[in-house]
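Subject: Structure for you, plus what turned up in it

Hi,

Here is the structure I promised to pass on. Have a look at it first, and then read on for my notes.

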Amino acid sequence: MRLATRVQTIGASPTLAMNARAKEMKQQGIDVVSFTVGEPDFNTPEHIAAAGIEAIREGFTRYTPAAGIPELKEAICLKLKRDNGLQYDPADVVVSNGAKHSIYNVLQALIDEGDEVIVPAPYWVSYTEMVKLNGGSPVIVSTKAGDDFKLRPEQLKAHINDRTKAIFINSPNNPTGAVYSQTELEDLAEILVPRGIVIISDEVYEKLLYDGAKFTSVAALGPEVKEHTVTINGVSKTYAMTGWRIGYAAAPRALAKAMANIQSHATSNPNAIAQKAAVVALTGDQTPVKKMLAEFTRRREQMIAEINAIPGLSCRKPEGAFYIFAHVASFFGKTICGRKINGSVDLAEVLLTEGHVALVPGAAFGDDNYVRFSYATSLDAIEKGMARVKDVLAQA
Ligand SMILES: Cc1ncc(COP(=O)(O)O)c(C=O)c1O
């Protein structure tokens, strides 16, 4: 069977692949500590889960409007106003099977063959692949640790041309945890808006902020910026609802309509039961979000301290999300447990096979000098896993 050319340029998600390997080893009885996960380890808060159960009991189990139930679209508009100062109408909102699906819909609706999409690196693994799947070319622009992994206006300018259609802004960022300030976003928007470049603002980690970091939603910079922005968000990370699969996009009306049409043919509505639960997540008691953040804050402190105490490893303090992007290039060229370390993939491999610790090589995010640790795991696991990392790396 000859597969379509488009699939020959993409691979499986490296984060999911590493996670799957760690799970496989666990099933073989090996005590693996996994720092790969991109999801909160907490259960979905009780009152949200109860809304899902209630929906099943009530028989809310049929097709819904393809772009989401009016009740949820209204809850999303309410949330965008309450939390982000954004005024959207339910007709501007499309609810999808996770923020990942929302981003895919945006690209389907925007990208023509040969269009370029700017992807600041380090980037979330799926951006580049989704652009390619839609016939576009990802233009990767590497940011520097010295710039806190944020795109500088002059870097942006240097990569824009007539084919530039859109750009991804992901703040707080996966994998670096970088958070853009309002001024930094304004400086980028000033370049993008007059050129008609669409800003895809992935805001899924907006509630996970530390050390007083402040979140700014790109579309809130002003009406003109809003007209060029698609706001992407979801309930996965904020409410520990990764498995429910509810994400959304708020966009200029014509784009929202196009996305809704695409979705109506591709998947129909997102899960009806999960939509009901998402209404309660967005409009109900927000205390569990604060509790989860407090726990993430403790874990973050512990992991930063442990990483910076290991000779050869170092990291900057991430302001958001639940990842630490640690610099590992000092191990390159060395040999650990008989394995020559030529890059982040080798290092991740030796830590998995020798230390039984799983993490994601930076190469997957477009920067080979780093590995990503997720601290969406318990303090005990962090202590145990980091002790193993220290032991393995001590053999370099
Ligand atoms: C930056 C970023 N955007 C989007 C997503 C997708 O989230 P969802 O579960 O809503 O599809 C993830 C998940 O890892 C992510 O890290």
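(The cut-offs: buried is 20 or more other C-beta atoms within 10 Å of a residue's own, exposed is 12 or fewer, partly exposed is in between, and the C-beta atoms are placed from the backbone.)

Before the rest, two things on the source. This is a predicted model, so local features need pLDDT of at least 70 and side-chain atom pairs count only at pLDDT 80 or more, while totals for chains, interfaces and linings use all residues. Residues are numbered from 1 along each chain as its sequence is written.

Back to T44. You'll find T44 in the loop between β1 (33–34) and α2 (46–57). (Helices are DSSP runs of H or I with at least four residues, strands are runs of E with at least two, and both are numbered from the N terminus.) Leaving out residues up to four places away in sequence, T44 touches A49, Y239, A240 and M241. (Contact here is C-beta atoms, placed from the backbone, within 7 Å.) V141 is 97 residues from T44 in sequence, and their C-alpha atoms are 36 Å apart in space.

L192 makes a second example. L192 sits in helix α7 (residues 182–192), and L192 is buried because 23 other C-beta atoms lie within 10 Å. L192 touches I167, I197, I199 and H228, again not counting residues up to four places away in sequence. From L192 to V225 is 33 residues in sequence but 8.7 Å in space, C-alpha to C-alpha.

I199 leads us to the strands. I199 stands opposite T229 in β7, and strand β6 (residues 198–202) is joined to β7 by four bridges, the two running parallel. (Strands pair if DSSP finds at least two bridges between them.) β7 also pairs with strand β8 (residues 247–250), in the antiparallel sense and over four bridges; there N233 stands opposite Y248. How many of the six residues of β7 (residues 229–234) are buried? Six of six. That goes for both faces: T229, T231 and N233 are buried on one side, and V230, I232 and G234 on the other.

G234 comes up again at the ligand. 13 residues surround the ligand, and the closest are G98, A99, K100, G234 and S236. (Near means a C-beta atom, placed from the backbone, within 6 Å.) By class, that shell has three nonpolar, eight polar and two charged residues. (Nonpolar is Ala, Val, Leu, Ile, Met, Phe, Trp, Tyr, Cys and Pro; charged is Asp, Glu, Lys and Arg; the others, Gly among them, count as polar.)

(The expected span is 1.5 Å times one less than the number of residues.) Buried in α9 are A256, M259, A260 and Q263. These cover an arc of only 100° around the axis, so they are on the same side of α9. (The arc is that of the directions from the helix axis to the C-beta atoms.) In general, an α-helix has 3.6 residues a turn, so residues three or four places apart point the same way. A254 and H265 are exposed on the other side of α9, and the cover over its buried residues includes β2 (93–96), α4 (99–110) and β8.

Helix α11 (residues 287–308) can be read likewise. Its buried residues are P288, M292, F296, R299, R300 and M303. They cover an arc of only 120° around the axis, which puts them on the same side of α11. T287, K290, K291, A294, R298 and A305 are exposed on the other side. Over the buried residues of α11 lie, among others, β10 (323–327), β15 (370–374) and α13 (379–393).

β10 and β15 belong to an open sheet of four strands, in the order β9-β10-β15-β14 with antiparallel pairing. Its edge strands are β9 and β14 (360–361), each pairing on one side only. Five bridges join β10 to β15, and F325 has R372 as its bridge partner there. H327 stands opposite Y370 in β15, and S314 stands opposite H327 in β10.

Cheers

Key. Contact = placed C-beta atoms within 7 Å.
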